[in-house]
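Reader: I would like to learn how to read a structure feature by feature. Please give the general idea each time, and then the case at hand.

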Amino acid sequence: MDSIVELIEHKRDGQAHSAEEIERLVRSYVDGDMPDYQMAAWLMAAFLRGLDADETVWLTKAMAESGDMVDLSPVPGIKVDKHSTGGVGDKTTLVVAPLVASCGAHIAKMSGRGLGHTGGTLDKLESIPGFSVFLPIERFVAQVRDIGIAVVAQSDDIDPADKKMYALRDVTGTVPSVPLIVSSIISKKIAGGADAILLDVKVGSGAFMKTDDEARVLAAELTRVGQALGRKVVCVLSDMDQPLGHAVGNALEVCEAIRTLKGEGPEDLTQLAVALGAKLLVLGGLVSSEDAGARMLRESIETGKALHTFKRWVAAQGGDPAVADDTSLLPLGNVATVVTAEKSGYIQGFDTEGVGRAAMLLGAGREKADDTVDPGAGLVLSVKTGDRVAAGDPIATLYASCEERFEAAASRLGASVHVGDTRPARAPLFREV
Ligand code: URA
């Protein structure tokens, strides 16, 4: 049997591992027998040499099985999960999850926190007074069964391999590798117990994948590996060349999600939520076509069923459901300022990552994993791509806890909104399914 050093050398020299070798690497690392510096070396070798199709499946399986696996069998029917690769203003889960649950789906979701310019569902939920993202597994499963929805933080015992490996990749320049991203995302989904997974791969200036080609490769691999491990997987490529909706920042996004569940949300967020929701209803076996699913979802919004499910979900996780009727109960920065357009013209587009960074400068995001976020900080854009503005028109309102945060954030935001003379073509929300 080759030693760990020999396995690293094999990968360094471009050789393929066996399933047993991959399992041994993952197990040794999780058990603490393989130190960080050896895993870091292996990750860099894998980053540079790649992993083949089988190795990626084996790595994903070994990571998923590195800790507890959630057993959702007490929940009837097909359990679905939805995952976004991350973007700016992406509050889709807050809308889609209660929406599909109100139509009979069971959605079991473990979410992450925001890092860098992208937001995280857990931070958004925690901006609701009292909301807890920490549920014991038995309560998580019971809530999915009884209300149709639970969204929690991943426990330390689920996919510990990913927890350790992701932290190491973050500081060793080995994050942007397709096989490593695929194994990281899919292993968490497999350990989370869902039968069917909808993956929303974001593409554009605010996403991890900046071009359609890159996103297509990632989507194809996510689908292949998920299916190889026995899950139904659907992947969509959706636009992140501008923030989704108008709000960027935790409580501000919850407020926009609530408006969307009432049928008063921005067009792009509503369209994305209904389209993704329809796919989830089909995956969950609740409707036979996406058209039927979309009709059911729109009806749920119109009749107030979606909002009712949102309230039940919030209350079940300790939050104050009254926020759904009175969004002034959500935190909001003490001070606000308006950023205006410097010249007249059409909004050509955004440096969407820059918009996310501006929200971070206001206090809405974190630079390091242990930074705290200000739930009431963020910004609300007044414009979308293609809108006409005159010099001096508002382009965004910024919220923070103190005025000192405004200067850097306003300048970052101003530089991230591009105004030009001609009206640009509107990019479709969905690039590909
Ligand atoms: N998201 C993940 O969960 N893992 C990655 O590797 C990249 C994005």
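Predicted model: local features only at pLDDT ≥ 70, side-chain atom pairs only at ≥ 80, totals over all residues.

Reader: Which residues surround the ligand?

Author: The general idea is to list residues with a heavy atom within 4 Å of the molecule. In this model the list is Tyr-166, Arg-169, Ile-181, Ser-184, Ile-185, Lys-188 and Phe-208. By class, the shell holds four nonpolar, one polar and two charged residues.

Reader: Which helix gives the most to the shell around the ligand?

Author: That is α9, with four residues. Both α8 (160–170) and α9 (178–191) supply at least two residues each.

Reader: Next, helices. Which residues of helix α1 are buried?

Author: The general idea comes from the helix repeat. An α-helix has 3.6 residues a turn, so residues three or four places apart point the same way. In α1, which spans residues 4–12, the buried residues are Ile-4, Leu-7, Ile-8, His-10 and Lys-11. They cover an arc of only 160° around the axis, which puts them on the same side of α1. The cover over these buried residues includes α2 (19–31), α3 (36–49) and α4 (53–64). After α1 comes Gly-14, with a positive phi near 85°.

Reader: Where does Gln-38 lie, and what is it in contact with, leaving aside its neighbours within four places in sequence?

Author: Gln-38 lies in helix α3. Its relative accessibility is 16%, so Gln-38 counts as buried, the cut-off being under 20%. Beyond neighbours within four places in sequence, Gln-38 is in contact with Ile-4, Val-5 and Ile-8. Ile-4 and Ile-8 are among the buried residues of α1.

Reader: Is Thr-56 buried or exposed?

Author: Thr-56 has 0% relative accessibility and therefore counts as buried. Thr-56 sits in helix α4. With neighbours within four places in sequence left aside, the contacts of Thr-56 are Leu-51, Pro-179, Val-182, Glu-221, Arg-224 and Val-225.

Reader: Which residues of helix α16 are buried, and which exposed residues are on the face turned away from the buried side?

Author: In α16 (residues 406–416), Phe-406, Ala-409, Leu-413 and Ser-416 are buried. They cover an arc of only 105° around the axis, which puts them on the same side of α16. The face turned away from that side carries Glu-407, Ser-411 and Ala-415, which are exposed. Among the elements that cover the buried residues of α16 are β7 (335–340), β8 (345–350) and α15 (352–361).

Reader: Last, a loop residue. Where does Gly-386 lie, and how many residues separate Gly-386 and Gly-349 in sequence?

Author: The general idea is to compare separation along the chain with distance in space. Gly-386 lies in the loop between β9 and β10 (388–389). Gly-386 and Gly-349 are 37 residues apart in sequence, and their C-alpha atoms are 7.6 Å apart in space. Gly-386 is buried, with a relative accessible area of 8%. Leaving aside neighbours within four places in sequence, Gly-386 is in contact with Tyr-346, Ile-347, Arg-423 and Pro-424.

Definitions and conventions:
Residues numbered from 1 in each chain as written. Heavy atoms only, no water. Buried < 20%, exposed > 50% of the residue type's maximum accessible area, 1.4 Å probe, protein only. Arc of directions from axis to C-beta. Contact = heavy atoms within 4.5 Å. Nonpolar A, V, L, I, M, F, W, Y, C, P; charged D, E, K, R; others polar.
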